[in-house]
Amino acid sequence: MTINDGLTVNIRNKTPLHRHPVARVLIAQALVVLIATVICTAVFGMVAGYSALLGGLIAFLANVYFAFKAFRYFGARSARAIVQSFWAGEMGKQILAAALFALVFVGVKPLQPAALFVGYLLVLGAGASALLLMKNNPKH
């Protein structure tokens, strides 16, 4: 617990990530990675399969980083810390995704860029539909 200027109390969230509502979204994204990999491998071959896997993993790992960073605090008294952790999580997510894309493009040969981006976009689409997954959550 940190006290800033005597007004704000930042309360760390000690709930494990798997108990947060965001865990359902991350599980759905992991399933999308696996399904996209299997379909691309079966239909287009091994290179397309691991390219889709890498694209999906880039999006998934960046989202896991965001989830860890963004859900560190809770409570109205921690509003400033919550906003800062969300902002830092989003910036870190973007930087991590860019770095992982650079590593894949430099280090993986042969690579099928179309499958890479399809895997990435499918996982992003699963995250974008998170409201549908979370609407039945009684806490939110």
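Author: Helices (H or I, at least four residues) and strands (E, at least two residues) are DSSP runs, numbered from the N terminus. The model is a predicted one, in which local features need pLDDT of at least 70 and side-chain atom pairs count only at pLDDT 80 or more, while totals for chains, interfaces and linings use all residues. Residues are numbered from 1 along each chain as its sequence is written, and side-chain values use heavy atoms, with hydrogens and water left out.

Reader: In what order do the elements of the protein run from the N terminus on?

Author: The protein contains five helices and three strands. Read from the N terminus on, their order is β-β-α-α-β-α-α-α.

Reader: What percentage of the 140 residues of the protein count as buried?

Author: A residue is buried under 20% relative accessible area, exposed over 50% and partly exposed in between, with a 1.4 Å probe and protein chains only. Contact requires heavy atoms within 4.5 Å; among contacts between residues at least 6 apart in sequence, 69% join residues at least 24 apart. Of the 140 residues, the share that counts as buried is 38%.

Reader: How far does H1 reach from its first C-alpha to its last?

Author: The expected span of a helix is 1.5 Å times one less than its number of residues. For the 23 residues of H1 the expected value is 33 Å, and the computed reach is close to it. From first C-alpha to last, H1 reaches 32 Å.

Reader: Which residue, with a positive phi, follows H1?

Author: Helix H1 covers residues 22–44. The residue that follows H1 has a phi near 110°, and this residue is Gly45.

Reader: At roughly what angle do the axes of H1 and H2 cross?

Author: Axes are lines fitted to C-alpha atoms, for helices over the stretch in contact, and angles run from 0 to 180 degrees between N-to-C directions. The axes of H1 and H2 (residues 46–70) come within 7 Å and cross at roughly 170°. H1 is therefore roughly antiparallel to H2, given that angles over 145 degrees count as roughly antiparallel, under 35 as roughly parallel, 65 to 115 as roughly perpendicular and the rest as oblique. The crossing angle is roughly 170°.

Reader: How many nonpolar residues does the contact of H1 with H2 have?

Author: The residues that meet include Leu26, Val33 and Phe44 in H1 and Leu53, Leu57 and Phe60 in H2. By class, the contact of H1 with H2 holds six polar and no charged residues, and its nonpolar residues number 15. Here Ala, Val, Leu, Ile, Met, Phe, Trp, Tyr, Cys and Pro count as nonpolar, Asp, Glu, Lys and Arg as charged, and the others, Gly among them, as polar.

Reader: Which residue has its backbone nitrogen 3.0 Å from a polar atom of the side chain of Ser51?

Author: Ser51 lies in H2 and counts as buried because its relative accessibility is 0%. Apart from residues up to four places away in sequence, Ser51 touches Leu111, Gln112, Ala115 and Leu116. The backbone nitrogen 3.0 Å from a polar side-chain atom of Ser51 belongs to Gln112.

Reader: How far apart in space are Gln112 and Gly49, C-alpha to C-alpha?

Author: Gln112 is found in the loop between H3 and H4, and its relative accessible area of 33% makes it partly exposed. Leaving aside neighbours within four places in sequence, Gln112 is in contact with Val47, Ala48 and Ser51. Gln112 and Gly49 are 63 residues apart in sequence, and their C-alpha separation is 9.0 Å.

Reader: Which peptide bond is cis?

Author: Pro110 has its place in the loop between H3 and H4 (113–128). With omega near -5°, the cis bond is the one from Lys109 to Pro110.

Reader: What distance separates the C-alpha atoms of Phe101 and Gly55?

Author: Phe101 is placed in helix H3 and is buried, with a relative accessible area of 12%. Not counting residues up to four places away in sequence, Phe101 touches Ile58, Leu116, Phe117 and Tyr120. Phe101 and Gly55 are 46 residues apart along the chain, and their C-alpha atoms are separated by 8.0 Å.

Reader: Which residue has the backbone oxygen that the side chain of Ser85 reaches at 3.4 Å?

Author: Ser85 is in H3 and is buried, with a relative accessible area of 5%. The backbone oxygen reached by its side chain at 3.4 Å is that of Ala70.

Technical notes
A polar contact is a pair of N or O atoms within 3.5 Å; within protein, one must be able to donate a hydrogen and the other to accept it, and residues adjacent in sequence count only if both atoms are side-chain atoms.
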